[in-house]
Amino acid sequence: MKKLHLHYFQATLALSFTFLYPFIYFFSRNPVNFNAMNSLRRLFSFLSSAVSGILFRFYYESKIDWSANYIICANHTSNLDITAIILMAKRNVVFMGKEELLDNFITGIYLKTIDIPVNRDSKMSAFRAFKKAEENIKLGRNVVIFPEGMISEHYPPLLQPFKNGPFKLAIDQKVSILPVTICNNWKLMWDDGDNHGSKPGICDIYIHAPINTSGMIPDDVENLKVEVYDLIYTRLNIYEAG
């Protein structure tokens, strides 16, 4: 049944994207209409998930001031994590994603226009990606970085060590970190679903209070990284304990 649902989910993705593609293509031309591309992405995310019976429930530790911009850091276990962040954020977001997604028909058009592709094996590619992230922050956009850098290959997934990049970027740019714990997306669809299929249900997302980085210095990167890791790790354990 989970394999059958995966095929149904993939069909809803294809149909939703095909329906919206003429508009996405139009707004992706030079000059790119950033606001329209993000609005269409939110609509696409909502349609494809809702029709397939996958819903998202958001819990907030505190009220989020969406007039500010953030580096959004979340754990990463499923392709549904991207949908969760898109539906959660109340202003434009830019994703930093692996370069391989350029070949995907759906994600490719966004990585070629408003998102940031990065080759995880290339230090030069990573440098360029973070410079582009800096530019987007200065334009007042939220940047989404999954600090694990990959989806855990272990099943059930384990929280992987965080990389320094997003925390160094936050301190350098004096922008707050918004930690997000994605509690159970992997139970509905782990990774892209190829191995275990997918199923309908409710994805629980916990949004922590933002962490202000003003006053921090480069030497604080490690402490900030550990703080965010501990927040997400603890929240995952609380969720699993019921």
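Which residue is the bridge partner of F95 in β5? The partner is V144. This is a predicted model, in which local features need pLDDT of at least 70 and side-chain atom pairs count only at pLDDT 80 or more, while totals for chains, interfaces and linings use all residues. Residues are numbered from 1 along each chain as its sequence is written, and side-chain values use heavy atoms, with hydrogens and water left out.

Helices (H or I, at least four residues) and strands (E, at least two) are DSSP runs, numbered from the N terminus. Strand β3 covers residues 93-98. β3 pairs with β5 (residues 142-145) in the parallel sense over three bridges; two strands pair if DSSP finds at least two bridges between them. Three bridges also join β3 to β4 (residues 116-118), again in parallel, and here K98 stands opposite V118.

Five of the six residues of β3 are buried, so the strand is largely enclosed by the rest of the structure. Buried means under 20% relative accessible area (1.4 Å probe, protein chains only). Helix α3 (residues 80-88) is likewise largely enclosed, because eight of its nine residues are buried. Among them are L80, D81 and T83.

Another buried residue is S198, with a relative accessible area of 0%. S198 is found in the loop between α7 (185-188) and β7 (201-207). Leaving aside residues up to four places away in sequence, S198 touches K2, H5, L6, F9, L188 and M189, where contact means heavy atoms within 4.5 Å. The side chain of S198 reaches the backbone nitrogen of L6 at 3.2 Å.

Conventions. Buried means under 20% relative accessible area, exposed over 50%, partly exposed in between (1.4 Å probe, protein chains only). A polar contact is a pair of N or O atoms within 3.5 Å; within protein, one must be able to donate a hydrogen and the other to accept it, and residues adjacent in sequence count only if both atoms are side-chain atoms.
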